[in-house]
Amino acid sequence: MSGTAPARAWARALVERRGFQRLVIALIVFNAVTLGLETSQRMMAEYGSLLHVLDRATLAVFVVELLLRFYGNGWRFFRDPWSIFDLLVIGIALVPAAGPLSVLRTLRVLRVLRLVSAVPSMRRVVSGLLAAVPGMASVASLLALVIFVAGVMATKLFGGIAPVYFGDLGTSLFTLFQIMTGEAWPDVAREVMAQAPLAWIFFVVYILVSSFAVLNLFIAVVVSGMEDSVTTDLAEAEERNAAAQARSDALILEEVRALRAEVAELRRETSRESP
Amino acid sequence: MNHRDRVRALVEHRRFQQFIIWVIVVNAVTLGLETSQRMVRDFGGALHVADRVMLGIFVVELGLRLYAFRWRFFRDSWNVFDFVIVVIALIPATGPFSVLRALRVLRVLRLISAVPAMRRVVNGLLAAVPGMASIGALLGLIIYVAAVMATKLFGQISPRYFGDLGTTLFTLFQTMTGEAWPDIAREVMAAAPLAWIFFVIYILISSFAVLNLFIAVIVSGMEKTVTSDLVQAEEQHAADQAASDQLILAEVRALRREVAELREERKEPVNEGPAR
């Protein structure tokens, strides 16, 4: 066991070295370019095999990097959510993309998102974005509830009238998502209203409620973003001043202690004299 | 006072700068009139002459400022801005450069560098850019990844929207702005019913990122007002606290001295006493 310790330390030092991390970032960007080129049929016809080899090679480097990080950090590797993200993204690329899993082939490009975990400033941005999610969670679940209830109602009410938009629950939910984004909702509403003139009630109420919920979702994000920035600035100033305050408190305390010692001395002298 | 100082005094004189602002405004009007075919037919010659004369004034003004400040002229980015705009107007707009003809109207933007209040506004806007940079880069990354996926997934289904990477990037930009995205989504979903997953996730993520881009701008704007006020109040409070601490410290020191003196005084008669 003890014989592997230096090797582990060496692996950890290697993966944490700046030059190594820069190399990984450069490889991710390079891989992003080759994956982009693969979408062009002309490029695939001429350099398809070369692109494929390059893709395999970079994937191999990523796998080696991931193994080194796992070896260097041991099980602690799984404690960092970004490591798990890297593992998932690389793991998807390793699953044989044949038969029903062929959609995974297109998910290979998610590898480019490793740029987020590799570049510290991007990491900070995403952590900041994710910090806003808990504040949104309750409003988002309320929104989902509203959409679901409206979806069930709309399927029952308008399923027969406009099967293109409200034929089954899934279709209805998609249509209601579209209406929530405000895109082309009058087309949908007018088609339904041609047969059910009172359908405007449903659409107007749904749009008001869902946009109100979406607005509150936005506000939750905005508030949490502002809170963060304002609070950190204030906390910094507070901390700066607290240090000065502590210094002056220490001075006063020292002075008061000396005073107390002086008074105690005085008392001792008095008591020595009085008897 | 040599020539250079005199020229500098001239270009920094308020009257001179107001004159330049007026020339820019008049130039904006003549450039606007040039877009009207009727005006060009009736007064084309006069407009052209006026345009040339005003360009001449700008060139002379720039030359004077260059002469007055020499190389220091290029240290101020607003001066570089003026220089580039005037140079664009001077390039002969023929053949492959004919697009530069339309860029002549950029000269009106010199109003920004000439009016200090506008300068401040633009500086304030640019100050928000660094805060946006990382979220902007993240958004670019998201769109790129989504574009590569969409080109592979939907390239065959609707080549009009997802035929190659460039087309897909444009389509996804359109989807991000929310304009007519259901048309695109429904066309794709007719052939690939599960495509809704891609569209819904992409719209949610990209609008979330765009929203945060806005927030970054708002926050950076707010920081300068609200936070600086709050921090200033905090700083003021700390200064008051420090002053009162100083007072208390002085008082306690005086009290200690008082007690020390009392002790001395009490000690003295004892020391003077005959025996101990």
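A crossing of two helices is left-handed if the near helix is turned anticlockwise from the far one by less than a right angle. By that rule, α2(A) and α3(A) cross left-handed. The model is predicted. Chain A has a mean pLDDT of 85.

**Helix pair α2(A) and α3(A)**
- Helix α2 covers residues 18–37 of chain A, and helix α3 covers residues 41–73 of chain A.
- They pack at an angle of about 150°, with their axes 9 Å apart.
- Angles over 145 degrees count as roughly antiparallel, so α2(A) is roughly antiparallel to α3(A).
- From α2(A), the contact uses V24(A), L27(A), F30(A), N31(A), T34(A) and L37(A).
- From α3(A), M43(A), L51(A), L54(A), D55(A), T58(A), V61(A) and E65(A) take part.
- By class, the residues of this contact are eight nonpolar, three polar and two charged.

**Contact between chains A and B**
- Chain A gives 50 residues to the contact, and chain B gives 50 residues.
- On the side of chain A that touches chain B, α2, α6 (114–118), α7 (120–131), α10 (169–180) and α12 (199–273) each supply at least two residues.
- The largest share of that side comes from α12(A), with 27 residues.
- The side of chain A that touches chain B holds 30 nonpolar, twelve polar and eight charged residues.

**Confidence**
- In chain A, 95% of the residues reach a pLDDT of 70 or more.
- Among the elements of chain A, helix α5 (residues 103–107) has the lowest mean pLDDT, 76.
- The highest mean, 93, belongs to α10(A).

Terms used. Residues are numbered from 1 along each chain as its sequence is written. Chains are lettered from A and ligands numbered from 1 in the order in which they are written. This is a predicted model: local features need pLDDT of at least 70, side-chain atom pairs count only at pLDDT 80 or more; totals for chains, interfaces and linings use all residues. Axes are lines fitted to C-alpha atoms, for helices over the stretch in contact, and angles run from 0 to 180 degrees between N-to-C directions. Helices (H or I, at least four residues) and strands (E, at least two) are DSSP runs, numbered from the N terminus. Angles under 35 degrees count as roughly parallel, over 145 as roughly antiparallel, 65 to 115 as roughly perpendicular and the rest as oblique. Two residues are in contact if their C-beta atoms, placed from the backbone, lie within 7 Å. Ala, Val, Leu, Ile, Met, Phe, Trp, Tyr, Cys and Pro count as nonpolar, Asp, Glu, Lys and Arg as charged, and the others, Gly among them, as polar. pLDDT is the predictor's confidence in each residue, from 0 to 100.
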